[in-house]
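Open the model in your viewer and keep the selection tool ready. We will go stop by stop.

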Amino acid sequence: VKMLTAKGLLSARPRQGTVVQPTSSWNLFDTDVLRWLLERQFSIELLKQFSQLRVAIEPEAASLAARFASVQSLRQINEGLER
């Protein structure tokens, strides 16, 4: 129950009991929650939202990684690009 509460799936309070929270309050950055959602039902809309998030975040993340990388890390980035 503690784990599911930490992931935003449940609310557990004395005298109120345990309540399943609406999906809008679930932690969608948690890998377990994401896996459970995708196992429960395949959702084109969910995959579309993930893709939009990746398009928004990944170019900046890659830029920062390259800008602040060590020489060894840059070598690994280049090896990855070559593969």
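A salt bridge here is a side-chain nitrogen of Lys or Arg within 4 Å of a carboxyl oxygen of Asp or Glu. Keep in mind that this is a predicted model. Searching the whole structure gives five salt bridges.

Start with Asp32 and Arg35. Their closest N and O atoms are 3.2 Å apart, and the pair forms a salt bridge. Both sit in helix α2 (residues 31-40), three residues apart, so about one helical turn separates them.

Color by accessibility: Arg35 is partly exposed at 40%, while Glu39 is exposed at 58%.

Move to helix α3 (residues 44-67) and select Arg54 and Glu58, which are four residues apart. Their side chains meet in a salt bridge at 2.6 Å, N to O. Arg54 is exposed at 51% relative accessibility. Glu58 is partly exposed at 39%. Now select Lys7, Asp30, Asp32, Arg35 and Glu39: salt bridges with shared partners join them into one network.

Select Leu9, Trp26, Val33, Leu37 and Leu46, the five residues of the largest nonpolar core. Center on Val33. Beyond its neighbours within four places in sequence, Val33 contacts Lys7, Leu9, Trp26, Asn27 and Leu28.

Last stop: Ser11, in strand β1 (residues 10-13). Is Ser11 buried or exposed? Its relative accessible area is 15%, so Ser11 is buried. Leaving out residues up to four places away in sequence, Ser11 touches Gly17, Thr18, Val19 and Gln21.

Key: Residues numbered from 1 in each chain as written. Predicted model: local features only at pLDDT ≥ 70, side-chain atom pairs only at ≥ 80, totals over all residues. Heavy atoms only, no water. Core = buried A, V, L, I, M, F, W, Y, C linked by side-chain atoms within 4.5 Å. Buried < 20%, exposed > 50% of the residue type's maximum accessible area, 1.4 Å probe, protein only. Contact = heavy atoms within 4.5 Å. Helix = DSSP H or I, 4+ residues; strand = E, 2+ residues; numbered from the N terminus.
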